[in-house]
Amino acid sequence: MNGLTHGIRIVAKKHAGSPDDAGPAGAGSAAPFVPETRSVRTLAAAAQQCRGCDLYKNATQVVFGAGPSTASVMFVGEQPGDQEDRQGEPFVGPAGALLDKALEDAGIPRAHVYVTNAVKHFKWEPRGKRRLHVKPNAAEIHACRPWLDAEIEAVRPEVIVCLGSTAAQVFFGRSFRLTKSRGVLEEGHPWARRILATFHPSAVLRMKGGDDHEYTRARRAFPLDLAGAASLVKFASERALRRPRRRAAAL
Ligand code: URA
């Protein structure tokens, strides 16, 4: 069934899995490092030892996902940036500040969502004193995939929001184009009831220096996409967070 909910287009798809599941020839894998558990905390601790690809060599630490394991909505970005690498938390730098603002605009409390990345180590190259972000390649994204699969299995979100095309291509294959499919809520995937791809906040920030109209449009559309995705779920974590207060009130 295709339809329109809260201004968001819903498209039902039949998917057996990502078209890129096999991965590029010779790609490594995090699989031997991923423990059999549904505990995000245990996964996060094990990920610190991951040597599934070479990215660990230049990174300060693994940046694992963060947020309640009961979250109904999972956000998936590309890879940690400079600040995230230093602090060990996803989306805490400039892109995270814009994500926070967009979540606030959309009425979504960040504390109630799970935020992670397709790749868990920061890939960078030196430029003077700065560490410049380098896009992870297909082999690195493939190698890191078992961590994302384990997080999805542990959190079991109702909705996955892909921030940018790297995350979207993990689920929809490398032919996915954000320009064509941004803001479309897809159903019928094995990972979550619904998956939506929207802008990466860094991409929105980069628009700032260019065409004013493009930036304004993206800045408005970004929280609307988030609100559309979140309007279809009940925040289980919200209920869970309220529970202790209700119990305290009853005493
Ligand atoms: N960009 C990402 O994709 N993820 C982060 O955690 C930070 C910046």
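Predicted model: local features only at pLDDT ≥ 70, side-chain atom pairs only at ≥ 80, totals over all residues.
Trainee: Why is phenylalanine 91 called buried?
Mentor: The cut-off is 20 or more other C-beta atoms within 10 Å. Phenylalanine 91 has 27 C-beta neighbours inside 10 Å, so it counts as buried.

Trainee: Where is phenylalanine 91 found, and what stands out in its backbone?
Mentor: Phenylalanine 91 sits in the loop between helix H2 (82-87) and helix H3 (94-106). Its phi is near 50°, a positive value in a residue other than glycine.

Trainee: Why is arginine 156 called partly exposed?
Mentor: Buried needs 20 or more neighbours, and exposed needs 12 or fewer. Arginine 156 has 17 other C-beta atoms within 10 Å, so it falls in between and is partly exposed.

Trainee: Where does arginine 156 lie, and what is its phi?
Mentor: Arginine 156 belongs to the loop between H4 and strand S7 (159-163). Its phi is positive, about 45°, although arginine 156 is not a glycine.

Trainee: How do you know that the span of H4 is close to the expected one?
Mentor: Helix H4 covers residues 138-155, which is 18 residues. At 1.5 Å a residue, 26 Å is expected from first C-alpha to last. H4 reaches 25 Å, close to that value.

Trainee: Where does H4 kink, and by how much?
Mentor: At arginine 145, by about 40°. The kink comes shortly before proline 146.

Trainee: Which elements cover the buried residues of H4?
Mentor: Helix H1 (40-47), strand S3 (73-77), strand S4 (114-117) and helix H5 (165-172) are among them. The buried residues of H4 include Ile141, Cys144, Trp147 and Leu148. Glu140, His142 and Arg145 are also on that list.

Trainee: What is in the largest nonpolar core?
Mentor: It holds 59 residues. Val73, Met74, Val76, Cys144, Ile160, Val161 and Cys162 have the most contacts inside it. H4 supplies the largest share of this core, eight residues.

Trainee: What does cysteine 162 touch?
Mentor: Val76, Ala167, Ala168, Phe171, Ile195 and Ala197, leaving out residues up to four places away in sequence. A contact here needs C-beta atoms within 7 Å.

Key:
Residues numbered from 1 in each chain as written. Helix = DSSP H or I, 4+ residues; strand = E, 2+ residues; numbered from the N terminus. Expected span 1.5 Å × (residues − 1). Bend = angle between axes of the 7 residues up to and from the residue. Contact = placed C-beta atoms within 7 Å. Core = buried A, V, L, I, M, F, W, Y, C linked by C-beta atoms within 7 Å.
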